Amino acid sequence: MKRFCVLLAVTLCAALILPCALAEEEKVLNIFTWEGYFDEYTLGLFEEETGIKVNYSVFASNEEMLLKLRSGNEGDYDVILASDYAISALRKEGELLPLDRSLLTNWDNLNPEYLDQYFDPENVYSMPYCAGSPMIVYDPDQVEGEITSFADLWDEQFTDGLWILDDARVMIGETLKMLGYSYNTSDETQIQQAYEKLCALKKNVRVLNYDFGYNISSGEVKAGYVFTAYAVLNCMENPNLKCVFPSEGIGFGIDSIAIPADARHPENAHAFMNYYLQADVAAYVAEWQGSLNPNAAAEALIDPDYAAMDCFQVPAELYATKEYVEDMGEFEDAYQQAWTNFKLY
């Protein structure tokens, strides 16, 4: 009888312990983002500190990422890093896991200016990672006069001499802004006007791509309309280059980390996010990433000369004009089709 009681007690303990053991996450984290958006050095330190093995998968665009998650990825990814409008779309569709702030003990390091934006009010689902505003970068040794506006890129002196981004929403958005419209208009007539205006720019376009290249600093092109990180890297190669935020007004974006609703390793994902919220990690990432830094605690750790680069100095009057690329729902197709037509023009 005594032996039976002991066996019963052992069995009951095992029954209580087993679910806990099964519930413990394996030391794995599956990331889905653009190539090179997390540097190998910082990822390596995270793996070393936590014992969590990072698997890195890449997408070429937000649209590709959205398609993958909407098609049923069955928990393939634990962390995504994507643009604001993509985060907005996934939030509305119930595809993201609410963050557990109790696991994000470094959350207060963030700059409030980057929080509570349209794409995730109160930051229930996402954590800002980097930010920036597309800008004009030009070589004054190759350009006549001073460039101040987006409209200046249509000048004949730039024939076969521009690098622009292969990005429908950014390029059409700034063209709309130049024409006096919203970055996110739902008026298809206005989108058509922007398309026709861009077609007139086509003769000036020498390089049309999204990925980084030293196209401006090497002299391959005279000017470019590029994201912050690309502007920074070209200016580091050639400090003589000029950075200009278009006088018509600016676009603005925040790339954020979020957790898919069906993530298999949500605790590991929170540990990853909390790690990147550390001031020292955020400072390293800011200088490596070449974008605006949303982590206030990291500011004092960033090289002052680096932080003072013109690429980061958005004038207050232009900052007030900033517009995000927003999730346009059914109107998104109009933007994408206009851009496809432009590339085929």
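Mentor: Two strands pair if DSSP finds at least two bridges between them, where strands (E, at least two residues) and helices (H or I, at least four) are DSSP runs numbered from the N terminus. This is a predicted model, in which local features need pLDDT of at least 70 and side-chain atom pairs count only at pLDDT 80 or more, while totals for chains, interfaces and linings use all residues. Residues are numbered from 1 along each chain as its sequence is written, and side-chain values use heavy atoms, with hydrogens and water left out.

Trainee: What makes strand β5 (residues 135-138) and β9 a pair?

Mentor: They are joined over three bridges in the antiparallel sense, and the rule asks for at least two, so they count as paired. Within these strands, Val137 stands opposite Cys243 in β9.

Trainee: Why are β7 (205-208) and β9 (242-244) placed at the edges of their sheet?

Mentor: The sheet is open, with five strands in the order β7-β6-β8-β5-β9 and mixed pairing. Since β7 and β9 each have a single partner strand, one side of each is left without a neighbour in the sheet. Neighbouring strands here are turned by 20° against each other on average, direction ignored. Helix α7 (residues 228-237) lies across β5, β6 (162-164), β8 (223-226) and β9, and runs at about 20° to β5; such angles, from 0 to 180 degrees, are taken between N-to-C directions of lines fitted to C-alpha atoms, for helices over the stretch in contact.

Trainee: Why is helix α8 (residues 266-276) described as largely enclosed?

Mentor: Eight of its eleven residues are buried, so the rest of the structure largely encloses α8. Buried means under 20% relative accessible area, with exposed over 50% and partly exposed in between (1.4 Å probe, protein chains only). Among the buried residues of α8 are His270, Phe272 and Tyr276, and what covers these buried residues includes β1 (28-33), α2 (40-50) and α9 (279-289).

Trainee: Which residues touch the most other members of the largest nonpolar core?

Mentor: Of its 114 residues, these are Met65, Phe272 and Tyr276, the core being a set of buried Ala, Val, Leu, Ile, Met, Phe, Trp, Tyr and Cys residues joined through side-chain atoms within 4.5 Å. Phe272 and Tyr276 also belong to one aromatic cluster, which includes Phe38 and Tyr129.

Trainee: How do you know that the charged end of Arg101 sits over the ring of Trp107?

Mentor: A charge sits over a ring if NZ of Lys or CZ of Arg is within 6 Å of the ring centre and within 35 degrees of the ring normal. The charged end of Arg101 is 4.0 Å from the centre of the Trp107 ring, and Lys202 likewise lies over the face of Phe342, at 5.0 Å.

Notes. Contact = heavy atoms within 4.5 Å. Phe/Tyr/Trp six-rings, centres within 6.5 Å; stacked < 30°, edge-to-face > 60°.
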